[in-house]
Amino acid sequence: MSTTWGRSASADWSAMPPYTFHGQTPGRPFPVDPELCSTAHDVPAGHRLALVIDTVDPLYVEHNPTGAQLTFFSPSTDPGRLPVPLREK
């Protein structure tokens with residue numbers, strides 16, 4: 001999927017299935033280790049790679065309680081990681 005903003009900004013993305021947190025205690029932190037689907041994109045020099053995490057999916061909004069909140073954080077004792085393998089030319 002690809003989107004363009006203005007004359008020079010654009011983005012390509014790969015959609016992932018929703019990840020649910022059933023059975024978790026509200027207000028109590030818990031680890032999350034979702035599996036991301038493998039994908040490959042050529043990122044031209046000077047461009048950026050970003051991971052976007054959203055907490056509302058319009059296709060599943062009726063499953064979220066009104067006023068529900070989700071906070072992401074990464075404590076210094078267990079920092080978040082996203083390994084990105086690079087292909088050599």
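# A tour of the chain, selection by selection

Begin by selecting Arg81, which is exposed, with a relative accessible area of 67%. Here, exposed means over 50% relative accessible area, buried means under 20%, and partly exposed lies in between (1.4 Å probe, protein chains only). The model on the screen is predicted: local features need pLDDT of at least 70, side-chain atom pairs count only at pLDDT 80 or more, and totals for chains, interfaces and linings use all residues. Residues are numbered from 1 along each chain as its sequence is written, and side-chain values use heavy atoms, with hydrogens and water left out.

**Stop one: a charged pair.** What do the side chains of Arg81 and Asp78 form? They meet in a salt bridge, 3.8 Å from N to O; the term requires a side-chain nitrogen of Lys or Arg within 4 Å of a carboxyl oxygen of Asp or Glu. Side chains of opposite charge can pair when their charged atoms come close. Asp78 is partly exposed, at 47%. A search of the whole structure finds one salt bridge.

**Stop two: the whole chain.** Of the 89 residues, 0% count as buried. The chain exposes about 9200 Å², and carbon and sulfur atoms supply 54% of that area, as computed by the Shrake-Rupley method with a 1.4 Å probe; for residues, only the protein chains shown count as cover.

Select Met16, in the segment after S2. Met16 is partly exposed, at 34%. Leaving out residues up to four places away in sequence, Met16 touches Glu35, Leu36 and Cys37, where contact means heavy atoms within 4.5 Å. The C-alpha atoms of Met16 and Glu35 are 9.5 Å apart.

Next, select Tyr19, also in the segment after S2. Which residues does Tyr19 contact, leaving aside neighbours within four places in sequence? They are Val32, Asp33 and Pro34. The C-alpha atoms of Tyr19 and Glu35, 16 residues apart along the chain, are separated by 9.6 Å.

**Stop four: a nonpolar patch.** Finally, select Ile53, which is exposed at 53%. Ile53 belongs to a nonpolar surface patch whose members, including Met16, Leu36 and Phe72, have about 1100 Å² of accessible area together. Patches are made of residues with over 30% relative accessible area and no salt bridge; like charges are joined within 9 Å, and nonpolar side chains (Val, Leu, Ile, Met, Phe, Trp, Tyr) within 5 Å.

Terms used. Helices (H or I, at least four residues) and strands (E, at least two) are DSSP runs, numbered from the N terminus.
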